[in-house]
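Subject: Structure handover

Hello,

Here is the structure for your files. My notes on what was found in it follow below.

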Amino acid sequence: MKICAKLLPFLAAAALAANAFAADSEPAPIKIGVAGAHSGDLASYGIPAMRAAELVAESINAKGGINKAKIELVIEDDVCKPEVAANTATKLVSAGVKLVIGHICSGATKAALPVYTEADVIVMSPSATDSDMTLSGKYPTFYRTIAPNNAQAKAIADFTADTLKAQKIAIIHDKGDYGKGLAEDAQNEIRKGALAEVVLFEGITPGAVDYSAIVQKIKIARADAVIYGGYHPEASKIVTQMRKKGLKTLFVSDDGVKDNSFIKIAGDYAEGVYATGPADVSSNPVTKQYRKAYADKYGGEPGAFFDNAVAAAIALTTAVENAGGSTDKKKVAAELHSKIAATPFGEIKFDERGDAIGVGYTMYTVKEGKFVQVE
């Protein structure tokens, strides 16, 4: 087909205009996956993390994005179930995601990690604490803004034996990667330091209605304290049945229990229960900024792991910005290991394993229907 010579100047001008428009248009968005329990019994953990990611993304986009590229969140619900999480990870990888905030539960995270590792996707969890995920070296693209189970288990073991003066300790768990792993770490800490006698170590069946059998075993063992590894739905039932049976045995648990849902379900029986959790960072300026943004948009308090998820979202996006807007695994990892990001937990960076440096645990107790930090 011949083009009329008279049209050539007009076509050239149109091409130049198109190129100029393309140069001025926005670059492709930076896709960040957000994976966790957004429905089901453990949604009270996943929804605050999802909303934290949304608020950080909104703040960045309101300022023009990163190198003019806007943040686009790709949100997937894994219901905190390992059998769902691997499929969730596959969906995110297929969507072109190179960065993920999540997953929330250790079992789900562990099931998803092989998918992300193979695809060179960087994953940062605000709450998955299973020690093996960083200590094993099997998941080089995994990071977290919460300390691992071994650190949490040591805090629980030391507190139960030294502060509460328990001499006979029953350790029970929900048989999951998170709960069982923490229980095993706690048992090792107690035995290693000869802190007390472990008189019972046993798993329970998650989702059961009746836990009278394990309550009876705790009674027969004459335990001064129970250390429980697992989540709040089971813990609330066990504590309730213990108290109804007249057991005044001390109950000490983990950050899977330090959630207002535990208090709502257990009611008055929750009083005096101890649980670990991230330190109170309410006075931090970054915390104040994002908790206010949460209250303005959603109302009320954000809930468990919100601050950790804000930290994860800030750390990832800061690393991308420092890498010149790149989501390349090597470039982002180099920034995460070497540069400091200002988060609710102060200025943090990550060690060679992927754990956030300087992030630890604090002990809380339920007092007058609220978790308060133990002085």
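The model is predicted, so local features need pLDDT of at least 70 and side-chain atom pairs count only at pLDDT 80 or more, while totals for chains, interfaces and linings use all residues. Residues are numbered from 1 along each chain as its sequence is written, and side-chain values use heavy atoms, with hydrogens and water left out. Helices (H or I, at least four residues) and strands (E, at least two) are DSSP runs, numbered from the N terminus.

Two strands count as paired if DSSP finds at least two bridges between them. In general, strands of a sheet pair through backbone hydrogen bonds, either parallel or antiparallel. β8 also pairs in the parallel sense with strand β9 (residues 250-253), over 3 bridges; there A225 stands opposite L250. Between β8 and β9 the chain passes through helix α9 (residues 232-244), and this β-α-β crossover is right-handed (with the strands pointing away from the viewer, the path from the first strand over the helix to the second runs clockwise).

Strand β8 (residues 225-229) has 5 of its 5 residues buried, so it is largely enclosed by the rest of the structure. Buried means under 20% relative accessible area, exposed over 50%, and partly exposed in between (1.4 Å probe, protein chains only). Both faces of β8 are covered, with A225, I227 and G229 buried on one side and V226 and Y228 on the other.

These strands are part of an open sheet of 7 strands with mixed pairing, in the order β7-β6-β8-β9-β10-β13-β14. β7 (197-203) and β14 (370-373) are at the edges with a single partner strand each, so one side of each has no neighbour in the sheet. From one strand to the next, the twist averages 30 degrees. Strand β10 (residues 274-278) and strand β13 (residues 361-367) pair in the antiparallel sense over 5 bridges, and Y274 has T365 in β13 as its bridge partner.

Two helices to look at here are α6 and α7. Helix α6 (residues 149-163) lies across β6, β8, β9, β10 and β13 and runs at about 55 degrees to β13. Helix α7 (residues 177-192) packs on the sheet and touches β6, β7 and β8, its direction making about 160 degrees with that of β6. Contact means heavy atoms within 4.5 Å; axes are lines fitted to C-alpha atoms, for helices over the stretch in contact, and angles run from 0 to 180 degrees between N-to-C directions.

The five-stranded sheet

An open sheet of 5 strands has parallel pairing and the order β2-β1-β3-β4-β5. Its edges are β2 and β5 (142-144), each with a single partner strand, so one side of each is left without a neighbour in the sheet. The twist here averages 25 degrees from one strand to the next. Strand β1 (residues 30-36) pairs with β3 in the parallel sense over 3 bridges, and V34 has I101 in β3 as its bridge partner. α13 packs on this sheet, touching β3, β4 and β5, and its direction makes about 35 degrees with that of β4.

Disulfide

The whole structure has 1 disulfide (a pair of cysteine sulfur atoms within 2.5 Å). C80 is joined to C105, S to S 1.9 Å. The torsion about the S-S bond is about 85 degrees, so the disulfide is right-handed. C80 lies in the loop between β2 (71-77) and α3 (82-94) and C105 in the loop between β3 (99-101) and α4, so the pair ties together parts that are 25 residues apart in sequence. Both C80 and C105 are buried.

Salt bridges

A search of the whole structure finds 15 salt bridges (a side-chain nitrogen of Lys or Arg within 4 Å of a carboxyl oxygen of Asp or Glu). One of them joins D120 and K329, with the closest N and O atoms 3.3 Å apart. D120 is in the loop between α4 (106-118) and β4 (122-125) and K329 is in helix α13 (residues 329-338), so this pair links distant parts of the chain, 209 residues apart. D120 is partly exposed at 36% relative accessibility, and K329 is partly exposed at 26%. E335 and K339 also meet in a salt bridge (3.4 Å, N to O); E335 counts as buried at 14% relative accessibility, whereas K339 is partly exposed at 42%. R144, D351, E352, R353 and D355 are linked in a network of salt bridges.

Regards
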